[in-house]
Amino acid sequence: MEIDNNVLAHLGGVHKIYGARSALAGVDLELRGGQVLALLGANGAGKTTAIGVLLGLVEPDRGEAGLFGMAPRSLAARRRIGVMLQSAELPEAARVGELLELTCSYYPDPCPVEECVSLAGLDGLLQRPYGKLSGGQQRRVQFALALCGRPRVLFLDEPTTGLDIEARQGLWRAIRELVGRGCAVLLTTHYLEEAEALADRVCVLQDGLVVADGSMEAIRARVSRRRVRCVSALDPTSVALWPHVLAAFRDGSRLDITADVAEPVVRQLLDMDPDAGELEVSRAGLADAFIELTRESLSAGAARIDELPLRATATREAA
Ligand SMILES: Nc1ncnc2c1ncn2[C@@H]1O[C@H](COP(=O)(O)OP(=O)(O)OP(=O)(O)O)[C@@H](O)[C@H]1O
């Protein structure tokens, strides 16, 4: 078989079953040099299991995984990656500086500690015991530890969960800087704006299956649709049946409508509810695409974004 040198990490036909539950049901995935791949999916979709298989932490029942064309558990492969999982068990009494120095000592050509500190925004925290840090500060320490070996590939499993807005944006800046230096990133996140801000490729998992895999532009192009929001008492279930409406749901006092074109929907809305107010019309983003992709995929049986059907009439409440 011909080996593509630009593929840094891959899964091929991976199945993983836990009891009666299929966590991965034949997943193919490729991460290439210079790429930021966002792995998206609802809770339990299989994202962490996929990362576990890629890292050699989870043994697949079927299929194969590789890192730099090697077995994921090989030392040579492990030396070239950085990993930040959803949780980390680190000694609570160890000071941040000690943890960084120790981790750097495992690598032949480590990243200078000061650089890890600056990228992760840990200034002033080096003397603090890890166990006394806030949850957000601990996440930043875990990020810094992932950088110690100058990774060629970074695996980040929900890296910014629990971070405040400033810390999240700091971490995005750091990720962009690392990508600029040639690091590839596999990222899972529930913040779709995070995927939009960082990723150039998106893979959506649902119930252990890849339901969409494409470039961010392909997804954006796919959702050239509009979002209409307003305060209205109209029933979203009937609004979902109007011409041009793809989905409608209630968000508190607001009605949130996704449509292929906005104008006829706005006209009908104002006809049906003259009291409708605070009208907003915007271009639908990745979040809307994601909701549709995961809602429609089961009936569509599609594997690529451009194969998915264009219409969904269910409301989010009903889904
Ligand atoms: N060690 C395990 N034993 C039993 N079931 C497991 C195990 N690990 C994962 N699962 C199950 O496999 C499925 C996929 O889990 P996984 O953690 O990969 O999902 P996820 O997409 O990462 O979810 P989340 O967004 O909540 O982190 C879930 O149904 C989960 O309960």
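Helices (H or I, at least four residues) and strands (E, at least two) are DSSP runs, numbered from the N terminus. On that basis, Glu-217 is found in helix α8, residues 216-222. This is a predicted model: local features need pLDDT of at least 70, side-chain atom pairs count only at pLDDT 80 or more, and totals for chains, interfaces and linings use all residues. Residues are numbered from 1 along each chain as its sequence is written.

**Whole chain**

Start with everything shown. The chain has 11 helices and 13 strands. Colour by burial next. A residue is buried if 20 or more other C-beta atoms lie within 10 Å of its own, exposed if 12 or fewer, and partly exposed in between, with C-beta atoms placed from the backbone. Buried residues make up 41% of the 319 residues. Two residues are in contact if their C-beta atoms, placed from the backbone, lie within 7 Å. Of the contacts with a separation of 6 or more, 68% are between residues 24 or more positions apart.

**Glu-217**

Select Glu-217. It is exposed, because 10 other C-beta atoms lie within 10 Å.

**Two domains**

Colour residues 7-217 as domain 1 and 223-307 as domain 2. These bounds come from an automatic or database domain assignment. The C-alpha centres of domain 1 and domain 2 lie 34 Å apart. Across the boundary, 12 residues of domain 1 are in contact with 10 residues of domain 2. On the domain 1 side, α7 (192-198), β8 and β9 each give two or more residues. β9 gives the most, with five residues.

**The six-stranded sheet**

Select β5, β6, β7, β3, β8 and β9, in that order: they form an open sheet with mixed pairing. Two strands pair if DSSP finds at least two bridges between them. The edge strands are β5 (81-84) and β9 (209-215), each pairing on one side only. Neighbouring strands are turned by 15° against each other on average, direction ignored. Axes are lines fitted to C-alpha atoms, for helices over the stretch in contact, and angles run from 0 to 180 degrees between N-to-C directions.

Zoom in on β3 (residues 36-40) and β8 (residues 201-206). They pair in the parallel sense over four bridges. Pick Ala-38: its bridge partner in β8 is Val-202. Now show α5. This helix lies across β5 and β6 (153-157), running at about 165° to β5.

**The cores**

A nonpolar core is a set of buried Ala, Val, Leu, Ile, Met, Phe, Trp, Tyr and Cys residues joined through C-beta atoms within 7 Å. Which residues touch the most other members of the largest core? Select Ala-50, Ala-144, Phe-155, Leu-186 and Leu-187, out of 71 residues in that core. Helix α5 (residues 135-147) supplies the largest share, six residues. Domain 1 and domain 2 both give residues to this core, so it lies between them.

Centre on Phe-155. Leaving aside neighbours within four places in sequence, Phe-155 is in contact with Ile-51, Leu-55, Ile-81, Val-83, Met-84 and Leu-186. Another core, of 14 residues, lies apart from the largest one; Val-228, Ala-240, Val-245 and Ala-259 are among its members.

**The ligand**

A residue counts here if its C-beta atom, placed from the backbone, lies within 6 Å. Select Tyr-18, Arg-21, Ala-23, Gly-41, Asn-43, Gly-44, Ala-45, Gly-46, Lys-47, Thr-48 and Thr-49. β2 (21-32) and α1 (47-54) each supply at least two residues of this shell. α1 gives the most, with three.

**The four-stranded sheet**

Select β11, β12, β10 and β13: an open sheet in that order, with antiparallel pairing. β11 (245-251) and β13 (277-283) each have a single partner strand, so one side of each is left without a neighbour in the sheet. The twist averages 15° from one strand to the next.

Strand β10 (residues 226-231) and β13 are joined by five bridges. Arg-227 stands opposite Ser-282 in β13. Helix α10 (residues 263-272) packs on the sheet, touching β10, β11, β12 (254-259) and β13. Its direction makes about 15° with that of β10.

Finish on β11. Five of its seven residues are buried, so β11 is largely enclosed by the rest of the structure. Six bridges join β11 to β12. One pairs Asp-251 with Arg-254.
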